[in-house]
Amino acid sequence: MDNGITLPADVQILSHQIAGHRFQKDENGGIKSGLLQKDKYVLKPLQSPPRGEVEVKFYRTIFDLSIINPVHEELRNLVPPFYGTEEYIINGTNITYLKLLDIAKPFRKPCIMDIKIGKKTYDPKATEKKINSETQKYPRMGEIGFRILGMQIYKPEENSFQFKDRFFGLSLEPEDVTENGLKLFFTQKSSLRRDVLQLVLSKLGRINEFFHIQREFAFYSSSLLIIYEGDESQSPVESLADVRMIDFTHVFETNEADDNYIYGIGMLIKSLSSLL
Ligand SMILES: Nc1ncnc2c1ncn2[C@@H]1O[C@H](COP(=O)(O)OP(=O)(O)OP(=O)(O)O)[C@@H](O)[C@H]1O
Ligand SMILES: O=P(O)(O)O[C@@H]1[C@H](O)[C@H](O)[C@@H](OP(=O)(O)O)[C@H](OP(=O)(O)O)[C@H]1O
């Protein structure tokens, strides 16, 4: 890499990282890692304590096949398949990564949107400072129930991708988040991809149903990754679209319904349905 970071031969920077932590030098001359790509896998660096440990524990728990638990069984269908952890030394820093299946791999021209779900984006142990920074960042979150973190949309007429970053999502108000935000993602060549939208809605419906049943986990600051095939010229390699839950750095055990997430996914489904 030209910024002075040398990666091991078999890994690359994740080319389709839409949101989240990226490579940067830290205060002490070390590095903070972004997400990497290795063959058909995504490598996600463990985040600073306790976040990284929370995420790895969550994946290990739900992928522990020796435990028979219907909630874990369904979650395995809703998140990217998990293959343990791997360590790499990058610029002298030893970094542990979660090894996940790259959900975008089966798509030729993946259109990808990352949406954070819930009214609250801080967890029950958040400091006053964190609560303030999260609430001030996007005060409409409590009303909207979700935030677009970023997206890439394939433009067939130009054979290129259009990108929207976190500032795009932060600029959206309740009145225009559907028409100016969500609709953009499902529009190609000035037409709404109804076929994709219907499939995405059915996949969101399954996640929503799961949340109305499960009483085991509360998901704060977690995202939904929505992907569809942007190249309509050939039939899809596997499926036309995929929707997965990602980002589990603030998952808490509970014995109640996760009303915070339920509100958010409900609002997202309502907004998307209104486009049809
Ligand atoms: N399994 C996966 N397959 C494909 N892409 C992925 C996968 N996991 C993560 N990504 C990509 O990486 C990005 C960041 O992922 P994630 O939200 O887990 O990271 P993060 O650093 O914890 O984010 P944040 O700072 O928002 O908490 C996503 O927006 C998505 O583009
Ligand atoms: O999307 P943005 O606007 O870049 O904001 C970041 C995003 O909300 C991350 O999810 C959050 O990490 P957590 O979810 O783990 O809190 C991070 O907090 P941080 O600055 O405390 O790392 C925020 O800065």
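Helix α8 lies across strands β8, β9, β14 and β15, and runs at about 140° to β8, where helices (H or I, at least four residues) and strands (E, at least two) are DSSP runs numbered from the N terminus. Angles run from 0 to 180 degrees between N-to-C directions, with axes taken as lines fitted to C-alpha atoms, for helices over the stretch in contact. This is a predicted model, in which local features need pLDDT of at least 70 and side-chain atom pairs count only at pLDDT 80 or more, while totals for chains, interfaces and linings use all residues. Residues are numbered from 1 along each chain as its sequence is written, and side-chain values use heavy atoms, with hydrogens and water left out.

**The sheet**

- Five strands form an open sheet in the order β10-β9-β8-β14-β15 with antiparallel pairing, and two strands pair if DSSP finds at least two bridges between them.
- The edge strands, β10 (160–164) and β15 (241–246), each pair on one side only.
- Strand β8 is joined to β14 (residues 222–229) by eight bridges, with isoleucine 112 standing opposite isoleucine 227 in β14.
- Six bridges join β8 to β9, and lysine 116 has arginine 147 in β9 as its bridge partner.
- Between β9 and β10 there are five bridges, and methionine 151 is partnered by lysine 164 in β10.

- Leucine 149, in strand β9 (residues 146–155), counts as buried because its relative accessibility is 12%.
- Not counting residues up to four places away in sequence, leucine 149 touches residues including Asp114, Ile115 and Lys116, where contact means heavy atoms within 4.5 Å.

**The pair of helices α7 and α8**

- Helix α7 (residues 194–213) and helix α8 (residues 259–273) pack at an angle of about 160°, with their axes 10 Å apart.
- That angle makes α7 roughly antiparallel to α8, since angles under 35 degrees count as roughly parallel, over 145 as roughly antiparallel, 65 to 115 as roughly perpendicular and the rest as oblique.
- Among the residues that meet are Leu197, Leu201 and Phe211 in α7 and Tyr261, Ile265 and Leu272 in α8.

Note on methods: Chains are lettered from A and ligands numbered from 1 in the order in which they are written. Buried means under 20% relative accessible area, exposed over 50%, partly exposed in between (1.4 Å probe, protein chains only).
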